[in-house]
Amino acid sequence: MPHDHHDHPHALLPPEPALRVKALETILCDKGLIDPAALEEIIDTYQNKIGPQNGARVVAKAWMDPDFKRALLQDATEVVRDLGYYGRQGEHMVVVENTAEQHNMVVCTLCSCYPWPLLGIPPGWYKSDAYRARAVREPRKVLAEFGVTLPPDTSVRVWDSTAEVRYLVLPMRPEGTEGWTEDQLVALVSRDSMIGTGLALAAASVIEGVEASNQSVEGTAE
Amino acid sequence: MSSCLDLPQVDTPEGEGPIAAPEPVFEQPWHAQAFALTVGLSEAGHFSWADWVKRFSATLKEHGHDRALNGGEDYFAAWLETLESFLAEIGAASSAQVEHTRARWEEAYLTTPHGAPVKLAQ
């Protein structure tokens with residue numbers, strides 16, 4: 001970081017790339033190619049409004065309603081659009097279901113395509129070269145680093161996202177959640193379970209309530 | 001720093017709470033701004049998202065030749081480089097224009113008293 005003096009007689013100079021972004025913004029606004037209000041709206045949306053809670057809602061509904069689930073697996077784009085979750089880039093959404101026989105995992109080997117409307121902005125590790133390369137090459141090892149060990153007879157299928165097609169994993173519904181409400185189920189659906197690098201949380205993790213959530217979980221990815 | 005083969009800084013699946021958004025969504029304000037500019041330009045019809053992804057993937061691949069990218073600062077460095085070259089290519093902002101405007105911003109920061117709003121001199 002450029003940080004020349006301890007006291008600042010002038011405004012603190014932002015890092016070089018920040019100045020370049022500002023320059024682009026200035027040029028494009030001056031030319032009328034971009035509206036500053038639209039930029040603020042985009043940042044606010046992705047920072048505050050869209051996130052894994054959207055995907056969790058979809059998963060909980062699929063667990064509760066077989067018709068919804070059938071429609072979702074058939075054409076997720078339509079179904080999630082009806083819930084108000086649609087791709088701003090017009091991308092196609094595909095939901096893949098985890099079963100005892102097959103576990104699904106999502107990656108984007110080319111860059112970082114991700115189901116934004118359902119999960120928001122991807123975490124750093126999703127964008128890293130390590131994950132992008134290794135998810136395909138050694139998915140079980142990657143899963144183990146996330147603390148996920150699958151039964152040996154469960155196969156792992158890795159889905160490579162593109163600009164046009166984004167995948168969401170439908171995790172298996174945890175045991176002991178019969179009769180739960182949608183909101184209760186939503187609380188079990190972690191972001192990682194919808195990328196396939198995690199599983200839905202166990203029923204007990206919610207029943208135990210606050211004490212459990214205050215406990216820090218052992219590092220799973222050392 | 002993690003080695004090339006290790007995943008950098010993996011969040012523990014349960015540790016952050018079940019539906020927490022990645023924290024923070026953007027590590028640096030300029031990451032968010034570069035992202036918003038690109039999405040905004042695409043939504044305004046200046047280029048298709050597929051065209052963006054094609055170029056961005058190529059930059060990432062190129063940068064990844066020398067070392068494994070960690071998905072943070074280096075990811076957005078590749079993003080910004082792609083955006084600059086794309087905008088130059090479609091004639092929206094030439095590299096000379098960008099450098100000129102960048103220098104004006106730098107000047108504005110260096111000549112604005114600390115605490116006062118920074119504005120470009122007209």
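Is B:Arg102 buried or exposed? I looked this up before anything else. B:Arg102 counts as buried, at 9% relative accessibility. I keep in mind that this is a predicted model.

**Entry: the partners of B:Arg102**

I checked the side chain of B:Arg102 for charged partners. It meets the side chain of B:Glu106 in a salt bridge, 2.6 Å from N to O. I then asked where the two sit. Both lie in helix H4 of chain B, four residues apart, so about one helical turn separates them. Residues three or four places apart in an α-helix point the same way, because there are 3.6 residues a turn. B:Glu106 is partly exposed, with a relative accessible area of 24%. B:Arg102, in contrast, is buried.

A network of salt bridges links A:Glu16, B:Glu99, B:Arg102 and B:Glu106.

**Entry: helix H1 of chain A**

Which residues of H1(A) are buried? I noted A:Pro17, A:Ala18, A:Leu19, A:Val21, A:Ala23, A:Leu24, A:Thr26, A:Ile27 and A:Leu28. I looked for what they pack against and found three helices of chain B: H1 (29–43), H3 (73–89) and H4 (95–111). H4 of chain B is also the helix that holds B:Arg102 and B:Glu106.

After H1(A) comes A:Gly32, with a positive phi near 75°.

**Entry: domains of chain A**

The domain assignment gives chain A domain 1 (16–47) and domain 2 (51–214). I read 32 Å between their C-alpha centres.

**Entry: other salt bridges**

How many salt bridges are there over all chains? The count comes to 19. I looked at two more of them.

In chain A, A:Arg81 forms a salt bridge with A:Glu78, with the closest N and O atoms 2.9 Å apart. They are three residues apart in helix H5 (residues 76–82), about one helical turn. A:Arg81 is partly exposed at 42%. A:Glu78 is partly exposed too, at 39%.

In chain B, B:Asp51 forms a salt bridge with B:Lys54, and here the closest N and O atoms are 3.6 Å apart. This pair is three residues apart in helix H2 (residues 49–64), again about one helical turn. B:Asp51 counts as partly exposed at 28% relative accessibility. B:Lys54 is exposed, with a relative accessible area of 58%.

Note on methods. Residues are numbered from 1 along each chain as its sequence is written. Chains are lettered from A and ligands numbered from 1 in the order in which they are written. This is a predicted model: local features need pLDDT of at least 70, side-chain atom pairs count only at pLDDT 80 or more; totals for chains, interfaces and linings use all residues. Side-chain values use heavy atoms; hydrogens and water are left out. Buried means under 20% relative accessible area, exposed over 50%, partly exposed in between (1.4 Å probe, protein chains only). Helices (H or I, at least four residues) and strands (E, at least two) are DSSP runs, numbered from the N terminus. Contact means heavy atoms within 4.5 Å. Domain bounds come from an automatic or database domain assignment. A salt bridge is a side-chain nitrogen of Lys or Arg within 4 Å of a carboxyl oxygen of Asp or Glu.
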